[in-house]
Amino acid sequence: MKLTALLIDHDDSFTQNIRSWLSKKLNVTIINHTEISEFKKISEFDLIVMSPGPRSPQDYPHSLKFLSELNHSQYVLGICLGMQMMTVACGGTVQTYTPPYHGKTSTLESADQKINGQTVARYHSIICQLPENQFELIATSDQLPMWILHTEKNWMGMQFHPESFLTVSPEIYLNAVLQWISK
Amino acid sequence: MKPVVCFHQNQQLIYSDDYLVKSTFYNVTHFLENIENEYFEKMKIVQIDFEATGATVFILNTYRLISPSDIESNEKINPVFKPAISKKLFSEKVLRIKNDIAAGRYYQVNFTSSFKSEIAEDSFLVFQKYLSVFKSEYSAFLPMQEFEILCYSPELFLEKTDALICTRPIKGTLTTSLNQLIASPKETAELSMIVDLLRNDLNSICEKPVTVTKHREILNLGYTQHTYSEICGQTNLHLPEILNTTFPGGSISGCPKSESLLAISEIENLPRGFYTGTIGWWKNNDFKLNIAIRSFKKENTDISYYAGCGIVYDSEPEFEWQEFLTKAGKLTIHHD
C-alpha cells in the first residue's frame with residue numbers, strides 16, 4: 001500500500017506541483033493552512049508537508065502553533081516557507097536576503113556525493129538563521145542552509161524547490177524523503 | 001448587426017453577423033455551465049473579464065472562416081495616443097512592487113496601464129486597420145453592449161483538443177538585442193516562474209503530471225520579440241470547471257497568483273475588465289482561448305490601448321517603461 005502524505009497549503013501557486021511530485025510514490029491529501037485546527041486525522045499520515053507560500057512564517061500563526069504542538073515522532077517535510085516555519089518553531093529566526101532568488105537555479109554543496117553539484121530551483125527572499133545544535137546540514141548553497149534535518153524531531157527542511165521544472169533530478173529528493181520516513 | 005470576429009485555426013478567422021449574445025455579471029462558472037448545456041454543439045465566442053465577475057458569450061447561428069487579408073484595411077487612421085500614467089507614477093509603482101518582492105510577498109506581479117486617444121471612425125474599420133499593423137495569432141473583434149473590443153493578442157491561454165490541453169505563456173521582451181534577451185538572467189527567471197505557476201494550474205486539472213514541451217522559444221512579432229514556453233497535459237474536465245481552477249492566466253497576474261491578484265487590486269486604480277481576461281472559441285468539448293492583451297477598447301470616439309509588464313526584483317523602472325511603450329507596437333505615442 002502507498003504511503004500517505006498530508007500537504008498543508010499556504011495559498012501557494014506551486015502546491016499542485018508538489019502534489020504531482022509526491023504522488024509518484026505517495027497518496028496525497030491537500031488542506032489549506034486555515035483548516036489545520038479542525039483537521040482531526042493528522043497522526044494517520046505517514047508524512048506532513050508544509051508547503052511554500054508568500055510572506056513570512058510569522059504571518060501564519062496557526063501553522064507555527066501546529067508545528068510547535070506536534071508529536072516529535074511525526075514526520076514533517078517543510079519546503080521553502082515550510083522550512084522557514086520549522087526554523088522559527090525551533091527558536092531560530094528568518095531574515096531578508098538581497099537580492100532575492102526567484103525562479104533561478106543554484107548548485108547544492110554537500111558531503112554526500114549523490115547530492116553535491118546537483119542543480120536545484122530557488123524561490124526565496126528570506127533565509128533561515130538556524131538555532132544552534134538542532135539541525136544537521138545535508139546541503140548548502142552560497143553558504144546558506146538549503147537542506148536540513150532535525151537531530152531529534154522527525155523534521156526535514158528544503159529551502160530549494162524539489163518540485164520545480166528547473167530542478168534537474170527531482171527524484172533524488174523524493175527518494176531521500178521516502179528512505180527517511182521508511183526507516 | 002455588427003460582426004463578431006475571432007481567431008480560429010491555421011491563421012483563419014471566424015466571422016459572423018448572425019448570433020445571440022448572453023452575458024453575466026456574477027457567477028461565471030454557473031453561467032458557462034448553463035451555456036454548455038444549452039448550446040453544446042454550437043460554435044461560441046467566449047469573453048471573460050480578468051476579475052472573473054463578467055462574461056459574454058456570442059452563440060453563432062451561422063459563421064464563415066475568412067483570412068485576415070480578406071478584411072485588412074489600409075485606411076489612413078493614425079491617432080496619437082498618450083499614456084494614461086506618468087513615467088514618474090509608473091516608476092513609483094515598479095519600486096513599490098520591488099519592495100513587496102524583497103519582503104517575500106510575491107515573486108512577480110504583472111503591472112498594467114493604458115494609452116488613450118480619440119477616433120471618430122467606425123470601430124470595425126479601426127479593427128480592420130490595426131489587423132495589418134499588429135502581427136497576431138489570436139485577434140478578435142467583439143461588439144459588446146456599450147463598447148467594442150479590438151484584440152491583437154499574440155498569446156495562447158488554453159487550447160483543448162479532445163483530452164489534450166496546452167498553454168503557451170509569453171514572458172521576456174526584446175530590449176537591446178536577441179542575444180541579450182536569450183542570455184538575460186532576469187528575462188529567463190521571469191518566464192521560468194510563470195512556467196512553474198502554469199504547471200501548477202494544469203496539474204490541478206490533469207491527473208497525470210503535466211510536461212514542459214517548449215521552453216524559451218522565440219516569438220517574432222515584427223514590432224518586438226518575446227520568449228515563450230509551452231506546457232501540456234491530459235484532462236477530461238470541461239471548460240467551466242477548467243476555467244474555475246486556472247483563470248486568470250498566470251502570465252498576466254503574477255506568482256504566487258492569489259497574493260499577486262490582491263496586489264494588483266491595490267496597485268492598479270481601475271478594474272482591468274476585459275483586458276488580460278480571455279477571448280476565444282468554444283465548440284463541443286474543444287476550445288482555444290487567448291490572453292486578451294495588446295487590445296483596444298473603443299467606446300464611441302474614445303479609444304484606449306492597454307499594455308503591461310511583468311515586474312520582478314531585477315526590474316528597472318526605466319527599462320519597464322520602455323517595455324510598456326514597446327508593447328504599444330506601431331501606435332503613434334506622445335509622452336513626456
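Helices (H or I, at least four residues) and strands (E, at least two) are taken here as DSSP runs, numbered from the N terminus. Residues are numbered from 1 along each chain as its sequence is written, while chains are lettered from A and ligands numbered from 1 in the order in which they are written. The structure is a predicted model, in which local features need pLDDT of at least 70 and side-chain atom pairs count only at pLDDT 80 or more, whereas totals for chains, interfaces and linings use all residues. The predictor assigns the complex an ipTM of 0.96 and a pTM of 0.96.

Between the two chains, 26 residues of chain A are in contact (C-beta atoms, placed from the backbone, within 7 Å) with 27 residues of chain B. On the side of chain A that touches chain B, helix H1 (15-22), strand S5 (93-107) and strand S6 (119-129) of chain A each supply at least two residues, and S5(A) gives the most, with seven residues. By class, this side of chain A has eight nonpolar, 13 polar and five charged residues, where Ala, Val, Leu, Ile, Met, Phe, Trp, Tyr, Cys and Pro count as nonpolar, Asp, Glu, Lys and Arg as charged, and the others, Gly among them, as polar.

A:Lys104 lies in strand S5 of chain A. Leaving aside its neighbours within four places in sequence, A:Lys104 is in contact with A:Arg122, B:Pro185 and B:Ala189. A:Lys104 counts as partly exposed because it has 18 C-beta neighbours inside 10 Å, the class lying between buried (20 or more other C-beta atoms within 10 Å, all placed from the backbone) and exposed (12 or fewer). The C-alpha atom of A:Lys104 is separated by 9.7 Å from that of A:Thr167, 63 residues apart along the chain.

Within chain B, the axes of helix H1 (residues 28-39) and helix H7 (residues 239-246) come within 8 Å and cross at roughly 160°, axes being lines fitted to C-alpha atoms, for helices over the stretch in contact, and angles running from 0 to 180 degrees between N-to-C directions. H1(B) is therefore roughly antiparallel to H7(B), a term for angles over 145 degrees. The contact involves B:Thr29, B:Leu32, B:Glu33 and B:Glu36 of H1(B), together with B:Leu239, B:Pro240, B:Leu243 and B:Asn244 of H7(B), and comprises four nonpolar, two polar and two charged residues.

How values were computed
Angles under 35 degrees count as roughly parallel, over 145 as roughly antiparallel, 65 to 115 as roughly perpendicular and the rest as oblique.
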